Amino acid sequence: MEYSGSSTKEQSFVLMMNKTFLAIHIMFFFLFTSIGVDLMAGVNMISICFYFLGFNIAKCKKINIYLYLVAVEVLIHMVLAVFSVGMECNFQLFLIDVMYYFFVLDYVIKRKKKKGYSAIILSCIYSITIILLYTFEDMVNPIYKLDPMVIRCLSIAIVSIVLFSIIITMLVLSNFLASTEGAMEKKAQFDALTDLPNRFYMMAQLKNLFETNSQGGYYLAMIDIDDFKKINDTYGHNVGDDALKILSRTIVEKARGTELKYCRWGGEEFLLLGKCVNGEVPKDYLDEIRIAVNDKTIWTSLGSGKMTVTIGAGKYKVGQDYKEWISFADKQLYVGKCTGKNKVVC
């Protein structure tokens, strides 16, 4: 079980777990003190000190060490509690409760790493312990004799805490899964280099337009950096990446305050989806984007430079599907490339 490379989110999960266990042991300390079970009151003082120390261990990202220590602490604590007040108080149920934490933590922290069996092994040890406690229950005489009413109240309280803790654990896991799913969805629909949506995002937007029959009155525009291969070959791929970022930022700036949707379609090509103006492609607006890119400066090892883009656009025509529509915009782009570049064709 190796967790030393855990992320901030994973570390915060462990810190939350540490706070929960600390709160439970503080409660146990006052509980055992009030009913006169001095042995367990002392044990809980040690546990409280351990969980205060646990914050530092977790913050130092020694999470693998922390989790093993927690497993041992819980096992010893609950076995001693059973021997102190007997099985009827249900302290052994906390071992079942902690099994949930083992499996949740195993997923949260190790989801990107090689599959391990730590949670299974620890849960098996806990399960065997519980079975042995129930098997030899009649042979265990509690060190402290408690009033039957105290035992009953204590039993109900323990069962309530265990169930509540399991519910909280499942809620935390559900929230974690939801946030992880959201992050994965964003990663799947956004380009890592430019931070723009990718073609999968745009395809979803186009499909939605066609499904709702709302594509009329829209246009598509394909933007391509002129002589991009030459930029890469002359100045290197880092400068090529800078060129892509400059174009991306320019598109975002010019789209601000509009309903324009955009994406990095692939390579040096970007696709825009916008509403027509007076039934036509807004050529002046697209030309503003082209000019804005021309005004940007690219810094290279050989000095500063400029870049140009060509834009091909077309409004939706009745009878087209979205693939034909994209293909038409791409053909318009090709026309621009073949007739001098650095222009808008629509």
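Modeller: What follows is a careful look at the salt bridges, pair by pair. This is a predicted model, in which local features need pLDDT of at least 70 and side-chain atom pairs count only at pLDDT 80 or more, while totals for chains, interfaces and linings use all residues. Residues are numbered from 1 along each chain as its sequence is written, and side-chain values use heavy atoms, with hydrogens and water left out.

Side chains of opposite charge can pair when their charged atoms come close. With a salt bridge taken as a side-chain nitrogen of Lys or Arg within 4 Å of a carboxyl oxygen of Asp or Glu, the count comes to 10.

One of them joins Asp227 and Lys341, at 2.6 Å from N to O. This pair links distant parts of the chain, 114 residues apart, since Asp227 sits in the loop between β1 (218-225) and α8 (228-235) and Lys341 in the loop between α11 (322-338) and β7 (344-345); helices (H or I, at least four residues) and strands (E, at least two) are DSSP runs, numbered from the N terminus. Asp227, at 41% relative accessibility, is partly exposed, a term for values between buried (under 20% relative accessible area) and exposed (over 50%), with a 1.4 Å probe and protein chains only.

Another salt bridge, 3.4 Å from N to O, brings together Glu280 and Lys315. Glu280 lies in the loop between β3 (269-275) and α10 (283-295) and Lys315 in strand β6 (residues 309-315), so the pair ties together parts that are 35 residues apart in sequence.

Within helix α10, Asp287 and Arg290 are three residues apart, about one helical turn, and their side chains meet in a salt bridge of 2.7 Å, N to O. Here Arg290 is buried at 13% relative accessibility, whereas Asp287 is partly exposed at 24%.
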